[in-house]
Amino acid sequence: MATGYVFHPEYLWHDTGTSAGVLPADPTAGVQPAVHIENPEAKRRTHELIHLSGLLAELLVVEPRRATMTELLRVHTPAHVQHIRAQSDLRGGGDAGDGFSPVGHGSYDIARLAAGGLLALVTAVADGDITTGYALTRPPGHHATADTGMGFCLFNNLAIAARHARTVHGLARIAIVDWDAHHGNGTQTIFYADPTVLTISLHQANCFPPDSGWTHENGTAQGAGHALNVPLPPGSGHAAYLQTMHQVVIPALDRFGPDLILLANGVDANVFDPMARQMLTTATYRQMTRLLVDAADRLCHGRLIAAHEGGYSPFYTPYCVLAVLEELTGTTTRITDPYATIVAAYTSEPLQPHQQDVIDAAADLVPRIT
Ligand SMILES: O=C(CCC1CCCC1)NO
Ligand SMILES: [Zn+2]
């Protein structure tokens with residue numbers, strides 16, 4: 001069972017500029033310049049930990065390629081692709097569409113390489129060269145819709161990969177699980193009327209995008225029943241997420257019967273992350289990933305590909321991703337999470353009734369999956 005790994009130095013060259021955290025800097029308006037929260041640091045440190053842990057030597061390194069225009073247009077409108085390209089051509093760059101999503105000079109080709117990293121993993125899985133894979137890509141993708149970038153995302157990497165899996169490799173039924181702290185609105189919207197793609201998003205309720213990711217958002221037309229959302233309350237931790245996996249995600253995958261499982265692996269629900277208020281630890285990511293690997297083994301010959309999404313703590317993101325990657329490879333951990341004892345007390349909270357209520361509401365929709 002080989003695990004593919006995609007990383008490329010260009011991913012670190014996507015320039016999100018000196019936005020003050022998440023907003024464009026504007027000293028004239030009192031918005032002091034700062035490093036953008038979506039900067040290379042957490043991804044660079046993640047790649048370095050994967051290397052220094054010795055795990056890199058056990059992975060099949062898969063070279064990314066740039067997604068072609070045809071591949072981009074399977075998901076995005078021509079106007080959106082042209083917009084990204086035009087913003088990227090500007091010496092000072094621009095924005096992907098929502099005012100929160102910097103496009104650096106040259107980011108168009110880097111975003112194509114991010115999407116192409118997922119395409120390369122899908123092809124490697126379809127060809128049987130690997131069973132599981134991880135793309136440590138940047139910029140992220142799960143907020144991007146067909147016609148706009150959003151929330152730091154330029155192109156929807158996983159949606160492009162899903163369409164490629166179906167169109168080119170005949171993998172007809174695709175499940176996309178998204179446990180990034182923020183709603184996978186872009187992916188959901190792209191496939192909202194598509195019965196062949198099941199989207200499942202676990203996220204902090206009403207965090208980003210605002211008023212998005214409610215349980216009643218359950219798909220439409222032919223896709224009715226094939227979008228699940230679990231908007232977990234702020235402060236939700238290990239117990240709530242594991243209960244969601246057992247009561248919603250795994251039963252949904254069992255009913256749907258995917259030919260391929262894609263994972264939007266945002267780790268910004270971790271206890272140290274500045275961009276959300278959830279309480280997950282490396283143990284949570286490890287156990288959630290193990291459940292997905294077991295489901296993939298049961299349902300689709302182990303085929304499971306993860307795309308990196310959010311994760312902004314430069315010191316904790318690496319350990320969360322390492323936990324996911326070790327479970328994808330089926331190896332035991334090499335490096336103990338140095339923060340485990342610090343967080344053990346306040347991340348072992350029991351499941352709360354208001355969290356169970358949210359999980360129950362989502363679980364009630366699982367029987368609608370066909
Ligand atoms: O990690 C992210 C980005 C969230 C931010 C985008 C603008 C404010 C919140 N999405 O998954
Ligand atoms: Zn996020």
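Mentor: In this predicted model, a polar atom in the side chain of Asn 156 lies 3.0 Å from the backbone nitrogen of Ala 159. Asn 156 itself sits in the loop that runs between strand E5 (132-135) and helix H5 (157-167), and it counts as buried because its relative accessibility is 0%, where the cut-off is under 20%. Leaving aside neighbours within four places in sequence, Asn 156 is in contact with His 76, Gly 141, His 142, Ala 144, Gly 186, Thr 187 and Ile 190.

Turning to the metal site, the zinc ion (ligand 2) is coordinated by Asp 180 (OD), His 182 (ND1) and Asp 268 (OD), at 2.0 to 2.1 Å, and along the chain these donors follow the spacing D-x1-H-x85-D. The arrangement is irregular because the six donor atoms around the zinc ion (ligand 2) subtend angles of 29 to 158°. Of the coordinating residues, Asp 180 is buried, with a relative accessible area of 1%, and His 182 is likewise buried, at 7%.

As for the core, the largest nonpolar one holds 107 residues, among which Leu 253 and Leu 292 touch the most other members; helix H4 (residues 107-126) supplies the largest share of this core, with 13 residues. Not counting residues up to four places away in sequence, Leu 292 touches Val 177, Trp 179, Met 245, Val 249, Ile 250, Leu 253, Ile 261, Leu 263 and Leu 304. In soluble globular proteins, nonpolar side chains tend to be buried together.

Note on methods:
Residues numbered from 1 in each chain as written. Chains lettered and ligands numbered in written order. Predicted model: local features only at pLDDT ≥ 70, side-chain atom pairs only at ≥ 80, totals over all residues. Heavy atoms only, no water. Core = buried A, V, L, I, M, F, W, Y, C linked by side-chain atoms within 4.5 Å. Buried < 20%, exposed > 50% of the residue type's maximum accessible area, 1.4 Å probe, protein only. Helix = DSSP H or I, 4+ residues; strand = E, 2+ residues; numbered from the N terminus. Contact = heavy atoms within 4.5 Å. Polar contact = N/O pair within 3.5 Å; in protein donor to acceptor, adjacent residues only side chain to side chain. Donors = N, O, S within 2.8 Å, 3.2 Å for Na, K, Ca; no water. Tetrahedral: all angles 85-135°; square planar, octahedral: opposite > 155°, others 65-115°.
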